Every structure is written in C-alpha cells, then in structure tokens.
Amino acid sequence: MRRFSTVETGRLGERIIKLAEKVRVRANLAEKDIYVTSGMDGDHGPRPHGSHHYGLHGKDGSRSAAIDFGALDDSEHQKKDERDMQAFARQWEKDLADITLELIHTTPFRDDSGFYIKEGKRTSYGAATAKAHRNHIHVAMSEKQVTAAEKRLRSTSARSALPKHAVSDWWTHHVGEKGLDYSFDRPAPDASWKAGYRFVMRYLSWRPNDKILTKSELDALLKRGFAVGLNWEFDASDQLRGREGGRKDGAEALRQARALGAPKGLTIYFSADWDVQRGQVAACKAYWKGAQEALAGQYRVGVYGGLRAVSAALDGGYRGWQTFAWSGGEWDKRAHIRQTRNNFKLDGASVDRNELRSLDAGLWGLSDEEDMMIFGKVKGKAAVVKALQDHTYVDMKDWPAVKRVLESGGGRLVEFDSKEQLEAVLGKKAA
Ligand SMILES: [Zn+2]
C-alpha cells in the first residue's frame with residue numbers, strides 16, 4: 001500500500017497497514033485507490049498520550065496504534081475518491097468492527113450514516129470529529145485486536161473473498177431479453193436475475209429524492225451482470241418546460257451520471273410520462289434539444305414515452321424507450337426499448353417490465369460481445385474442462401478484482417480473450 005513520504009509507523013502500525021491491504025482487496029479497490037496518510041507522524045493532539053496515533057492501550061490492556069488512510073488524489077476524481085474511501089470504511093466495518101478500537105470516517109453521501117466505531121461498537125463522535133474525518137479514514141486497534149483480525153482475514157479463503165456475484169454465467173446480452181424499471185422499492189439483484197431479467201432502468205432526478213440510483217446499488221447490479229440504463233424524471237411533465245427546462249435537467253443529469261462514473265456515450269432517457277398531445281410535441285422537442293446541449297457530447301439523449309413522443313424523438317435522431325401506455329397497441333419498430341407491463345410485484349417491490357429491442361440502446365454494460373473469461377486455480381486441461389462444466393466464468397469488468405484476490409490466495413490464472421480461443425486451447429467445443 002502506498003504511503004505519504006512523511007508517514008512514520010511502529011511495528012503495530014505496520015500490521016494494521018497489512019490488514020488494511022486485505023480490507024482494500026476485499027472492498028474491490030485497486031492498489032492505487034487507498035493509501036496511508038499518517039501514522040505516528042503529524043498532528044493528532046498532545047504527545048505522548050493524546051491519541052492512539054502515539055500509542056495508548058486498548059481495554060484489553062494491550063498497546064494500541066492508529067493509522068489514517070486516504071484516497072483524495074486530485075480534485076478531478078474527487079467523487080470517485082470519496083466513494084473509494086466509503087467502500088474501504090464500509091468493508092472495514094463489515095469485517096472488523098467488533099475488534100476495532102476506533103473507526104472514524106464521514107462521507108458526503110446519503111447512502112451511509114458515517115462510519116463511527118469505538119471499542120467495537122457503533123457510536124457518534126460529535127460534529128467536530130465527524131467533520132475532521134471527511135478526507136481520511138482513521139483506524140485504531142490494540143495489539144490483541146490486530147492479532148484477532150489477522151486470524152480472521154487469514155481464514156478467509158481466496159474464493160470466498162470474491163465479490164459474491166463476480167462469478168456469473170456466460171451471459172451475452174441480446175435483443176429480446178427482459179428488463180425491469182422501478183423507483184423507490186428495489187428488488188434484490190439476485191431475485192431479479194433469477195426471475196430472468198437482464199437489464200434495469202433506474203432514475204436520476206433532482207435531489208433529494210429516494211428514487212435516485214445510488215452508486216452501491218449500481219455496482220451490485222453491474223456485478224451481477226445486469227445492463228443498467230439511466231432515466232431522468234422529476235415530474236411527469238418535465239418536458240413541457242421546453243428548452244430551458246431541458247438545459248437545467250440535462251445539466252443535473254450530466255452531473256449525476258458523471259458522479260456515478262457512467263462511461264461516455266451512454267444514453268440518458270428523459271421521461272415524457274403522460275399522454276403527449278399533438279400540440280405539446282413542440283415543447284418536448286425544445287426540451288430534448290436543451291438536454292442535448294447540456295449533455296455536452298458526453299451522453300446521448302433518449303426519450304421515454306408513448307407512441308407520439310417516442311416516434312417524434314426517433315425522427316429527431318434520439319433514442320427511444322416506448323411504453324405500451326398511450327400507444328394504442330402500436331409499436332414504433334425503431335424504439336430501442338419497450339415497456340410492456342406496469343406495476344407488478346417482484347421480491348416485494350413494485351416493478352415494470354421491459355424488453356430490449358436494440359443493442360444500441362446505450363445502457364451501461366450492454367454489449368453483444370462474449371466478454372467473459374474463465375478463471376480459477378486452473379492446472380491443466382482437465383481442470384479447465386471441469387471449470388467450464390462448473391460455469392466458473394467472470395465478467396471482464398470484474399477481472400482486475402478477481403485476479404488480485406486469486407493471486408493473493410496463491411492461485412494460478414489462465415486467461416482467454418474469447419470463447420473461441422478457449423475452445424482452441426481445449427481442442428474441443430466448450431460446453
Ligand atoms: Zn487518525
């Protein structure tokens with residue numbers, strides 16, 4: 001793990017950093033994402049007994065140490081860095097909360113309530129301390145806790161440390177596959193996948209709004225293999241606000257898509273969620289134009305709506321997501337997505353059903369390539385064949401994390417660029 005040149009540590013501090021390395025891998029973070037910003041150096045209150053940084057004792061009587069971790073490299077990637085710190089703190093809490101003296105980290109996000117552990121329990125440290133820990137994660141442990149943590153993380157096998165859904169079937173997205181959209185209630189990704197759905201449309205909107213897609217939710221969906229589409233809607237009739245409305249909504253949609261890390265070129269579908277009348281199409285068109293201007297070439301404009309709105313959008317070169325509502329039983333064959341049914345229950349959530357009509361829909365993770373690979377502690381052809389039979393494939397986007405975990409567990413990896421290459425190596429057709 002990288003560290004600031006000023007960092008000074010003792011032996012216990014070094015052991016905490018080694019633990020942090022394991023937590024980083026388990027949190028699916030790359031090596032460069034998290035680094036050590038402070039140990040026994042720096043200003044952490046009066047020495048020698050003002051802080052665990054300079055050594056105190058735990059309740060168990062053994063001596064303590066504290067290390068600070070950070071991620072903020074530069075302002076350009078601030079959001080990502082903040083998410084990395086959140087992921088690291090969350091993983092630490094999940095794995096080691098009960099054997100941690102102090103964990104202190106505050107995030108700007110709405111999908112956590114801060115990470116504050118004292119003597120193994122959730123606590124609150126007060127506003128000043130919370131504020132002082134927005135740009136780093138403070139961790140303190142006693143020697144006995146470190147020993148217990150080393151044992152706990154050692155006993156985790158490489159395989160079980162894999163992100164739960166890194167391993168998926170050799171899934172290739174295709175026209176005709178089923179998808180979902182939903183707002184406030186979310187079904188678990190596993191439940192949706194098992195029910196046969198393969199893509200999900202999720203909301204961006206003006207904040208605060210609980211229907212907005214969160215980063216952790218997005219990560220879980222992508223990891224499970226879903227393609228994810230972005231859909232802007234605040235008010236059903238947003239688009240009657242014309243060009244200026246499109247500019248405003250588009251600017252916020254752009255900001256949120258970027259914050260999520262959405263790849264350039266994706267579509268953001270803007271909702272015309274009412275029965276658009278002939279006399280209202282002009283206002284909608286102006287709105288789309290305003291949105292397109294605001295997206296600044298980063299993302300493409302799509303339109304959700306009934307036949308009249310979506311056909312007008314497709315005529316204008318935008319992408320289209322047509323709902324059966326307000327369509328009189330007629331589909332525009334050019335539409336990229338169809339919404340075919342509203343308001344049924346899946347895993348306790350109210351959801352709508354959709355169907356993918358084009359691989360050019362501009363969804364995140366949508367590709368017609370067979371982008372899976374085999375992985376594992378593979379030794380020889382027999383093991384490869386066995387792995388094939390066991391369907392141990394991994395999506396390319398999970399590959400760096402999977403590779404790190406396997407290598408740290410002493411695994412030997414065999415990588416293939418395509419199914420054909422794999423079949424060539426095996427000298428037979430893959431199962
Ligand atoms: Zn600290």
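The following questions and answers cover the folds and contacts of a predicted model. Residues are numbered from 1 along each chain as its sequence is written. In this predicted model, local features need pLDDT of at least 70 and side-chain atom pairs count only at pLDDT 80 or more, while totals for chains, interfaces and linings use all residues.

Reader: How many helices and strands does the protein have?
Author: Helices (H or I, at least four residues) and strands (E, at least two) are DSSP runs, numbered from the N terminus. On that basis the protein has 12 helices and 17 strands.

Reader: In what order do the eight strands close into a barrel?
Author: Two strands pair if DSSP finds at least two bridges between them. The pairing in the barrel is mixed. The order is β8-β9-β10-β11-β12-β13-β14-β15.

Reader: Which residue is the bridge partner of G179 in β9?
Author: Strand β8 (residues 178–181) pairs with strand β9 (residues 197–204) in the parallel sense, over four bridges. In β9, the partner of G179 is F199.

Reader: Why is α1 roughly perpendicular to α2?
Author: Axes are lines fitted to C-alpha atoms, for helices over the stretch in contact, and angles run from 0 to 180 degrees between N-to-C directions. Angles under 35 degrees count as roughly parallel, over 145 as roughly antiparallel, 65 to 115 as roughly perpendicular and the rest as oblique. Helix α1 (residues 11–26) and helix α2 (residues 78–96) pack with their axes 9 Å apart. The two helices are roughly perpendicular because their packing angle is about 105°.

Reader: Which residues of α2 make the contact with α1?
Author: Residues are in contact if their C-beta atoms, placed from the backbone, lie within 7 Å. From α1 come V23, R24 and R26. From α2 come F88, Q91, W92 and D95.

How values were computed. Two residues are in contact if their C-beta atoms, placed from the backbone, lie within 7 Å.
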